Amino acid sequence: MANATVETPLVRFEVEDSIGVITIDNPPVNALGPGVRDGIIEALEQGASDAAVSAMVMIGAGRSFIAGADIRQFGKPRPNPKRPVADVLDHSPKPVVAAIHGYALGGGLEHALACHYRIAVPSAKLGLPEVLIGILPGGGGTQRLPRLIGPKAALEMIVSGRHVPAPEAKALGIIDEIVEGTDLRRAAIAFAQRIADRRPLPRVRDRGDRLAEAAREPDLFETVRKSIARKARGQKAPYHSIACVEAAVTMPFDTGIEMERRLFGELENSEEAKALRYAFFAEREVAKIPGLPKDLALPEIKNAAVVGAGTMGGGIAMSFADYGFAVKLLDASPEILRKGIERIRDNYQTSVKRGSLTAADMDKRLTLIEPVESYEAIADCDAVIEAVFEEMPVKKEVFSRLDQVMKPGALLFSNTSALDIDEIAAATTRPEAVAGTHFFVPANVMKTFEVVNGAQTSPVTLAAAMQLGRAIGKISAYAGNCDGFVANRTRIPFNLEQGLMVEEGARPEQVDRVMVEFGYPVGPFAVNDMSGLDISYATRKRRAAADPSYRSLPITDRLVEMGRLGQKTGAGWYRYRNNDRTPIVDPEVDAVIASVVGELGIPQRQFSDEEILRRLLFSSVNEACRILEEGKALRASDIDVMWLNGFGFPRYRGGLMYWADGIGAREVYNQVAIWHQRYGARWRPSALLQQLAESGGSLREAKGLASV
Ligand code: 3H9
């Protein structure tokens, strides 16, 4: 019989069949916001003092156990709970069982680790993802997890921040029991009754057995530090986390906890943590399109089709298959289709060899991709994504064909990266069903998914495209229709300045070094070599033909004309040895640069690292402001999300606009204005940038004027 004894809005305590059930009810994800911890402590005290209670259960209401501390509270003054919940649990005279469904993350998992037992439904996910927001598990996680599962497995979880599925958590020893069936609460009460009388109470803090593993692997911590050196460059959180786990092995529990608390305090307001928190919320905000009715009934997309079996089309088809969707891959040429499927198989096989995919999963995914040769074969698909050659007449022909064959209600998407979506839509009799869905390269890997809203795109089509991106694991972001849309349009000035600085005397390897030191995984010239210099060559020719004032890049063009297309030909901006992707500085490139600048009579000078960084990024900031001013993007933070997930911008710097905001709109504007004087029209400051500079406004909070 249930008889409620304590009631706070956020935490409930009820006694049922002699078990005290503590329910955390703080929607949407039961984050440990203000009041939640105190509520839990009150409930634990209530349970401890109630003679009718023999054991307790901690469970989450709604869709999750506890997703962690309330991230919105970090960096702000906040009341501390009366005592750490874990201390109260450690001193509890009665056993407490954590009953986990949905997510037990960060502080949520740390609460569970301080409980005496943990059970979970099979679909639950557990993790300590603090490192992903620039902090470390500050609620005892770095001390308890290694004691429970051994330092090696704990390090892997804490340093990666990954979500561990319940069955794996059981195998690791985090979970005591997996609960089948639908009633977790009932199962938890039954479990609590079973263990109610067992003594001593199993406290993770008292365990030492698994820590001994570290002695058998004396290099463990150093090896992990080395293994993350490249990825964690410029960041403190991963290293502080490792230091804490090391403390778990070398120090008494309470000393380890003190160290964890101290290092957590150091990280909470670090620049890296602030930037990563911003990125976390920006990635949630980007899903929201103001003005779209919330209750739109969206068509269900059960099967999709991709037109064009080239590299891009193949990557898009893989994106669907990777998320369990059946997809038809259409190409009129049987030869291209055969090669396309082969390329997909090769890609999957590489993943199998690397160990990131099982052979069985590869087979499953391959069977989801059905090659077809006729438009009629895709007519009944719910959505189709065109990924043919990037030329307007070709796109129009495809859309006119799609218009003839596709069933009513089908969504027609174009993967164009720059072309006018309205002109493409005009090739159909149903422009309301047409939108752009721009994937980045490689399509199956990159997360940015730009959804381009045409003048006639209906709200349902727009919302369905956004939803589709999320369904295949992408981060959907709104873009208005303009040449290059939002992501590429903000990136084009960067690419131009990169080429021009080399004409003026900067070395490609200097530019690459500056950007790698800034935090990019690879420098922009090395990236050009990876993607192939010939790709941008075609785009440049198209733009030059359309716009007589277009500034071409004669050095790059010369390299292409010499057959130096990048890694695929063994030479581009750099030289490459057989089967080795390490760029080697090549005197032949120096000769090309010298000859082109000699012909054009461009004076040469030295560049400081700072000038290179600012010239590349400020040009993009200025363009981003112009895009916002035109209402083609909704928010500056959306642009940051695109740069983080599409262009490799270092996440711990928050994104293009966040980074520039750290310098300040005034300083950015002043520099842009100076370069406008020196270099001419392409540096004309955007009106929005000027306005923000004058008003002291925030770049990262800038909003576009679009209304959907
Ligand atoms: C921590 O625990 C520190 C401790 O070690 C020690 C401290 C002393 N706080 O992502 P969604 C919001 S650090 C505040 O769209 P999903 C989110 O903003 C924390 N808000 O749903 C969104 O709000 P809105 C460690 C949060 O189903 C709404 O909830 N934990 C938090 O795709 C729905 O979120 C983490 O880092 C939070 N902790 O994914 C976990 N979590 O509707 C962070 C979510 O206004 N969270 N919100 O836009 C996640 O990874 C995902 O949200 C989760 C659900 C996987 C849980």
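## Helices, loops and a ligand shell

Helix α19 has 18 residues. From its first C-alpha to its last, α19 reaches 27 Å, close to the 26 Å expected at 1.5 Å a residue. The model is predicted.

How much of α19 is buried? Of its 18 residues, 15 are buried, so α19 is largely enclosed by the rest of the structure. Even so, Arg489 counts as buried, because its relative accessibility is 10% and the cut-off for buried is under 20%. The side chain of Arg489 has a partner: a polar contact of 2.9 Å joins it to the side chain of Glu630.

Phe485 sits in the loop between β18 (475-480) and α19. Its phi is near 55°, a positive value in a residue other than glycine. Phe485 is also buried, with a relative accessible area of 0%. Just after α19 comes Gly505, and its phi is positive too, at about 130°.

Now turn to α25, which spans residues 609-629. This helix has 21 residues. Its reach from first C-alpha to last is 30 Å, close to the 30 Å expected at 1.5 Å a residue. After the helix comes Gly631, with a positive phi near 75°.

| Helix | Residues | Reach | Expected | Buried |
|---|---|---|---|---|
| α19 | 18 residues | 27 Å | 26 Å | 15 of 18 residues |

For contrast, look at Lys353. This residue lies in helix α14 (residues 334-354). Is Lys353 buried or exposed? Lys353 is exposed, with a relative accessible area of 75%. Lys353 and Ile492 are 139 residues apart in sequence. In space, they are 36 Å apart, C-alpha to C-alpha.

The bond from Pro27 to Pro28 is cis, with omega near 5°. Pro28 lies in the loop between β3 (19-24) and α1 (36-49). The bond from Val441 to Pro442 is also cis, with omega near -10°. Pro442 is placed in the loop between β16 (434-439) and β17 (448-453).

The loop between β3 and α1 also holds Asn30. The phi of Asn30 is near 55°, which is positive in a residue other than glycine. Asn30 counts as buried, because its relative accessibility is 2%.

### Cysteines without disulfides

How many disulfides does the structure hold? The number is zero. Take Cys625 as a case. The closest cysteine sulfur to its own is in Cys482, and the two are 14 Å apart. That is too far for a bond, because a disulfide needs the sulfur atoms within 2.5 Å. Cys625 counts as buried, at 0% relative accessibility. Cys244 counts as buried as well, also at 0% relative accessibility.

### Around the ligand

The shell around the ligand has 30 residues. Those that come nearest are Ala69, Gly107, Glu110, Glu130 and Arg284. By class, the shell has 16 nonpolar, six polar and eight charged residues.

Some polar atoms pair up with the ligand. Ile71 places a backbone N or O atom 2.9 Å from a nitrogen atom of the ligand. Gly138 has a polar backbone atom 3.0 Å from an oxygen atom of the ligand. Arg284 uses its side chain: one of its polar atoms lies 2.6 Å from an oxygen atom of the ligand.

How much of the ligand does the protein cover? On its own, the ligand has 1,000 Å² of accessible area, and the protein covers 78% of that.

Which elements give two or more residues to the shell? They are β6 (103-105), α3 (107-114) and α12 (271-285). Helix α12 gives the most, with three residues.

Terms used
Residues numbered from 1 in each chain as written. Predicted model: local features only at pLDDT ≥ 70, side-chain atom pairs only at ≥ 80, totals over all residues. Heavy atoms only, no water. Near = heavy atom within 4 Å. Polar contact = N/O pair within 3.5 Å; in protein donor to acceptor, adjacent residues only side chain to side chain. Areas by Shrake-Rupley, 256 points an atom, 1.4 Å probe, with all protein chains shown as cover. Helix = DSSP H or I, 4+ residues; strand = E, 2+ residues; numbered from the N terminus. Nonpolar A, V, L, I, M, F, W, Y, C, P; charged D, E, K, R; others polar. Buried < 20%, exposed > 50% of the residue type's maximum accessible area, 1.4 Å probe, protein only. Expected span 1.5 Å × (residues − 1).
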